[in-house]
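Hello,

Here is the structure I promised to pass on.

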Amino acid sequence: MLNPRLQLLSEYPFDRLRALLGGIDPPSGMAPMVLSVGEPRHATPPLVHDVVSNNGDLWNRYPPVEGTAEFRSAAVGWLTRRYALPDHLLDADRHVLPVAGTREALFLLAAVAVPRSKVGRRPVVSMPNPFYHVYFGATLMSGAEPVYLPAARDTGFLPDLAAIDSATLERTAMMYLCSPANPQGAVADLAYLKYAVRLARRHDFVLAVDECYTEIYDRQPPPGALKACAALGGSTDNVVVFHSLSKRSSVPGLRSGFVAGDPRLIEAFRRLRSFGGATVPLPVLAAATALWRDDDHVEQNRALYRAKFDLAERSLGNRFGFFRPEGAFFLWLEVGDGEEAARALWAKSALRVLPGAYMAQPDAFGVNPGAPFVRVALIEDLASTEEALRRLLKVL
Ligand SMILES: Cc1ncc(COP(=O)(O)O)c(C=O)c1O
């Protein structure tokens, strides 16, 4: 009765975590702290409440798939200012589409980008290893063969694109990249992104660059794939980027983001989403428009993360291979055995963290590159983060 591909989705990381910690009670009298999920918990910018309530008369309207002209132009305005793009690189009506969070969009894009076959063979979708699990789910449900590109410390936690063999590239229908990367926070520089764009064009695949952490950075604003397109002459062919307010504005509950890039892909995506995509309600789009137009709340948000990384740096020093990530808000700690550490942290200190193995697939030698790690999301306030680090150090 069920699509057999669904069985391939049994590895959802948070289901595995529930199973791992299922029989374990955290110490009584210790408040549980959930740092396993990348759910930003900073305060919601007040303008969200105001704009949603001022647009309350729009709840009785179906939102159009393409959103509003104001939203699309706010998205283009932000992209242009954030990446210092040439003024006319992006046309708000052709290059941008709102989405109800980028998770859904990252998943659905595979249905647009993956053909039945490529060069007469089964198509490939490649992704970094470790990866954000949605790439994995989208690939498996699309029928493509997943190819996991090693992204460990020796390659700066990013895939070595020059190491992909030409037979794989020929069959590649789509490549997911993530910068800043979840979980390690590595940032792809402009040369890397240009190389990726050229590769996508040479082998005619879709380059899907997940940039949802691009505003959560430590020192330098990370470049983006659209900047690489500008540097290569201005065409957005083969490229699509994903942006979200969830991390930028700490509003994961708003479910609002957008995709931007190659107009052929955007139009195909619009068509697909007309049939089966969740549209973004008009009051939410109005709030999202206001958020993309404002950078001050983002600077404040970033400052809160910096303060937490300062704290982590002071308390962890060089233990567990600690490094200060260039972007995103995770600690990627090498603890020996990530599952064992996650169990101990829950049992002894009521800290819930994600074993790195749940974000990765075994390599050609059967070794899961995430297995020695845990991912700790620094999503709580400063005082709670201090408490969490104290507990973590006591247990590990
Ligand atoms: C790498 C990455 N991409 C995309 C998302 C999805 O974010 P949203 O659907 O809230 O836009 C997340 C959320 O955790 C993420 O970590």
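**Leucine 106 and its surroundings**

Leucine 106 counts as buried because it has 25 C-beta neighbours inside 10 Å; buried here means 20 or more other C-beta atoms within 10 Å of the residue's own, with C-beta atoms placed from the backbone. Please keep in mind that this is a predicted model: local features need pLDDT of at least 70, side-chain atom pairs count only at pLDDT 80 or more, and totals for chains, interfaces and linings use all residues. Residues are numbered from 1 along each chain as its sequence is written.

Leucine 106 lies in helix α4 (helices are DSSP runs of H or I with at least four residues, strands are runs of E with at least two, and both are numbered from the N terminus). Leaving aside residues up to four places away in sequence, leucine 106 touches Val134, Tyr135, Ala138, Ala208, Asp210 and Phe242; contact means C-beta atoms, placed from the backbone, within 7 Å.

Helix α4, residues 102–113, also gives the most to the shell around the ligand, with 3 residues. In total, 14 residues surround the ligand, and the closest are Gly101, Thr102, Arg103, Ser244 and Ser246 (the cut-off is a C-beta atom, placed from the backbone, within 6 Å).

As for the overall layout, the domain assignment, automatic or from a database, gives domain 1 (4–43 + 297–395) and domain 2 (47–294). Their C-alpha centres lie 25 Å apart, and 32 residues of domain 1 are in contact with 31 residues of domain 2. On the domain 1 side, α12 provides the largest share, 7 residues.

Best wishes

Conventions
Buried ≥ 20, exposed ≤ 12 C-beta atoms within 10 Å, placed from the backbone. Contact = placed C-beta atoms within 7 Å.
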